[in-house]
Amino acid sequence: MTAATIAVVGGDGIGPEVIEQAIRVTDAALKHEGIRFAWNRLPWSSSYYKQTGKIIPDDGWDTLQKHDAILFGAIGSPDVPDTVTVHGLLLPMRRKFDLYVNLRPAYLFDGVQSPLRDKAPGSIDMLVYRENTEGEYAPIGGRLYPGTPNETAVQTSVFTRRGCERIMRAAFEAARKRPRKKLTSITKSNAQVHTLGLWDEVYRDVARQYPDVQSNSLLVDAAAMDFVRKPEVFDVVVASNLFGDILTDLSAIITGSVGLGASANINPERAFPSMFEPLHGSAPDIAGKGIANPLAAILSAKLMLDHLGHARSAAAMHSAIARVLKEAKVRTPDLGGKATTVDIADAAIAALA
Ligand code: NAD
Ligand code: IPM
Ligand code: MN
């Protein structure tokens, strides 16, 4: 039985390499439940742009919307401007489909060496809730007097009460369901009094409605330090679009590699398909070599299974990955091994069986 139809946008660089392996592992996990997904591969990428002059066809958004979810690799290429790739496909997708929750878990698996000294398996275990539709990423601004000595650039952050409130609420709900019930709100209201002042106010309002959650507010610079100094104190972290982006490369690397960083771009109301992607980029430096770590993509597919209600397959995928990492026999170069992208997926599929 076809349980869901998934739009697959591999994108650029290592994107398609890791996504194909995520599909193989997901297929293997679903097989045990006796179900299957239909994967609809869409070629939208930098090379598609070079052929057609468009990064996504005119009816592309309608096409995407017909799917139950989107599995995304990465977009971005050294020979195509970001205004085409990132601003033509990825960021509009997050806004058009109102994917306001960007969930990015970071967990130190048994068998993986953190670059931080003496960290026990499971001692780093945080969920970052990143606001994904506004904030510092709002495409509001422009250039004045381009190419002259008076050239002026303006880009305005947009923080709305509604936008702050809904990401805060999603994060508090998640914190409430976790054993430690802790939440940290990331701010910089000491410098950005207007936008992050509103963020802090909303944080305090929402916090009052969750007396069972122990929460605090932390300046982003201090948070960056504490992600390194004592990452074990963090449980749920809620941050604006830009702060969440930067902190999650950090939360991924302290758990061993950016190649382990999964993410879910979720519309909790389910008015649109949610989108699942590794948090890393297209990695032009290793693209085509077959050595990218596919685990971030595979863990993102696992988040997709959770979202689509296939908790059993999701749990099976998670334990298979944990086993592969614990055995430490098959690992890609980012984790100190010599295995290929395909080897990791083969090992995960073997662990599933
Ligand atoms: P990147 O994440 O692509 O790479 C940073 C470093 O991490 C590189 O050394 C790379 O080799 C390594 N790396 C990344 N993923 C890896 C994996 N799975 N296994 C092993 N090593 C991995 O970031 P960048 O170099 O700053 O960006 C490259 C391009 O990707 C840019 O065009 C950028 O805009 C784009 N980008 C896209 C997304 C996305 O589509 N979601 C995310 C981040 C960056
Ligand atoms: C990510 C990426 C994107 C972001 C870029 C490509 C705009 O870094 O998904 O983390 O900043 O959101
Ligand atoms: Mn990023």
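Predicted model: local features only at pLDDT ≥ 70, side-chain atom pairs only at ≥ 80, totals over all residues.
I number residues from 1 along each chain as its sequence is written, letter chains from A and number ligands from 1 in the order written. Local features need pLDDT of at least 70, side-chain atom pairs count only at pLDDT 80 or more, totals for chains, interfaces and linings use all residues, and side-chain values use heavy atoms, with hydrogens and water left out.

**Entry 1, α9 and α10.** I looked up helix α9 (residues 295–307) against α10 and found the axes 7 Å apart at an angle of about 155°. Helices here are DSSP runs (H or I, at least four residues), numbered from the N terminus. Axes are lines fitted to C-alpha atoms over the stretch in contact, with angles from 0 to 180 degrees between N-to-C directions. The two helices are therefore roughly antiparallel (over 145 degrees; under 35 is roughly parallel, 65 to 115 roughly perpendicular, the rest oblique). I noted the crossing of α9 and α10 as left-handed (the near helix is turned anticlockwise from the far one by less than a right angle; clockwise is right-handed). From α9, L295, I298, L299, A301, K302, L305 and D306 meet A311, S313, A314, M317, H318, I321 and L325 of α10, where contact means heavy atoms within 4.5 Å. By class I get ten nonpolar, two polar and two charged residues for this contact (Ala, Val, Leu, Ile, Met, Phe, Trp, Tyr, Cys and Pro are nonpolar, Asp, Glu, Lys and Arg charged, the others, Gly among them, polar).

Helix α10 (residues 311–327) and helix α11 (residues 341–352) have axes that come within 8 Å and cross at roughly 120°. I therefore class α10 and α11 as oblique to each other. Their crossing is right-handed. A316, M317, A320, R323 and V324 of α10 touch A347, A348, A351 and L352 of α11. I find eight nonpolar, no polar and one charged residues in that contact.

The axes of helix α1 (residues 14–31) and α11 come within 9 Å and cross at roughly 10°. I therefore list α1 and α11 as roughly parallel. The α1 side of the contact includes E17, Q21 and R24, and the α11 side includes T341, D346 and L352.

I found eight aromatic pairs (ring centres of Phe, Tyr and Trp, its six-membered ring, within 6.5 Å; planes under 30 degrees apart are stacked, over 60 edge-to-face, the rest tilted). W61, F97 and F272 are linked into a cluster by ring pairs. The charged end of R166 sits over the ring of Y100, 3.9 Å from its centre (NZ of Lys or CZ of Arg within 6 Å of the ring centre and within 35 degrees of the ring normal). I also found the charged end of R130 over the ring of Y137, 5.1 Å from its centre.
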